[in-house]
Amino acid sequence: MDCNCCVAEEIWSIVKLYPYQYRYSLYARWKNDTFQLQPQLIHRRGTAQKQIKALMKRVSKENSKPVGRLIGKLSHCSPGFLFEYILLQIQIYDNLIAPVVDSLKYLTSLSYDVLGYCLIEALEQVDRNPMQNDGTSISLWLQSLANFCGAIYKKYNIELSGLLQYVANQLKSHKSLDLLILKEVVQKMAGIEAAEEMTNEQLQAMCGGELLRGEAGYFSQVRNTKKSSQRLKEALASNDLAVALCLLIAQQKHCVIYRETAQSHLKLVGKLYDQCQDTLVQFGTFLGSTYSVEEYVERLPTIHNMLQKYHIHSDVAFFLARPMFSHAINVSFQRM
């Protein structure tokens, strides 16, 4: 039954009925436990890994289609091993991100779902240091995985719930390094950049409407983000993560200084704090531009709850509540 995409689709028609937590548990057992039970499966695993390594040596921008077809065939029977090795290569060679993303267009729905699980598994590597050896910056492997996450989730319809929940869980554990993933996903899928250094012209453009901000407010050109932005919005809404992530990022700003990086290098502390602030502004801008005013007012807590219940600092609370104030002013003005 090698390379039988019909069987993969039949399996997916049943598996997709379960929540992603159950599916990912199934994939973990399939990938890490099942292939160690029988000698035939161990031999099959070795054969698959040999084929995967041979394929990855041929991946390039020029031959993404023929290699992509071979990757698609191989993913039908052993997607876990395939994606594990692909992600390992991406962490080492970041120039493989673009050709690999292009070559994954021939996967089945089951393979895409397994890829989502493998991404989370690759991010949760306890044996790898997420920071550089000098302790002053984020490691290259994490940056490469974050870039790959943004590109792959924008181009293909892969469920985002698991990845977003992973970022939320990391923030609950006072770990802000993985905000880089959310930053890349929002930037790629919604076309909203986390502006670190803006020119005077960009600052003036950001005072305008949505069209002017999209055309002149960002360094990169925003293209075809309507569908991917809607998918991101739906993923956040289906898991009630929009407000949760917003509040967690706001709280994490001060955890970065007083909890997370108590023994870290000062340069890293500043970098993580800036990343937290940039991601908060980026994510808040995404919510404000994607949700209608009524949805925004309904979902976000009042400014009093932000300050008293969630212990968010006043500057962040007013930033998040600004659309609600504008809405209240407009409603009062219309009643006059």
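Is D94 buried or exposed? D94 counts as exposed, at 52% relative accessibility. Here exposed means over 50% relative accessible area, buried means under 20%, and partly exposed is in between, with a 1.4 Å probe and protein chains only.

Some ground rules. This is a predicted model, where local features need pLDDT of at least 70, side-chain atom pairs count only at pLDDT 80 or more, and totals for chains, interfaces and linings use all residues. Residues are numbered from 1 along each chain as its sequence is written, and side-chain values use heavy atoms, with hydrogens and water left out.

Back to D94. It sits in the loop between α5 and α6 (97–103). Helices are DSSP runs of H or I, at least four residues long, strands are runs of E, at least two long, and both are numbered from the N terminus. From D94 to S238 is 32 Å, C-alpha to C-alpha, and 144 residues in sequence.

Now α5 itself. G80 belongs to this helix. G80 is buried, because its relative accessible area is 9%. What does G80 touch, not counting residues up to four places away in sequence? It touches K31, V114 and C118. Contact means heavy atoms within 4.5 Å. A28 is 52 residues from G80 along the chain, yet their C-alpha atoms are separated by 8.5 Å.

Next, helix pairs. Two packed helices are described by the angle between their axes and the distance between the axes. Axes are lines fitted to C-alpha atoms, for helices over the stretch in contact, and angles run from 0 to 180 degrees between N-to-C directions.

Take α3 (residues 39–56) and α5 (residues 79–92). Their axes come within 9 Å and cross at roughly 40°. On the α3 side, R45, Q49, I52, K53 and M56 make the contact, and they meet F81, L82, Y85, I86 and Q89 of α5. By class, that is six nonpolar, two polar and two charged residues. Nonpolar covers Ala, Val, Leu, Ile, Met, Phe, Trp, Tyr, Cys and Pro; charged covers Asp, Glu, Lys and Arg; the others, Gly among them, are polar.

On to the core. Nonpolar side chains tend to be buried together in soluble globular proteins. A nonpolar core is a set of buried Ala, Val, Leu, Ile, Met, Phe, Trp, Tyr and Cys residues joined through side-chain atoms within 4.5 Å. The largest one has 95 residues, and L104, F148, I152, L236 and L245 touch the most other members. Helix α7 (residues 109–123) gives the largest share, 10 residues. Leaving aside neighbours within four places in sequence, I152 contacts V101, L104, L115, L119 and I158.

Last, two histidines. Most residues other than glycine have a negative phi. H174 has a positive phi, near 60°. It lies in the loop between α9 (161–172) and α10 (179–190). H174 is partly exposed, because its relative accessibility is 28%. H311 has a positive phi of about 55°. Its loop runs between α17 (303–308) and α18 (314–335). At 59% relative accessible area, H311 is exposed.
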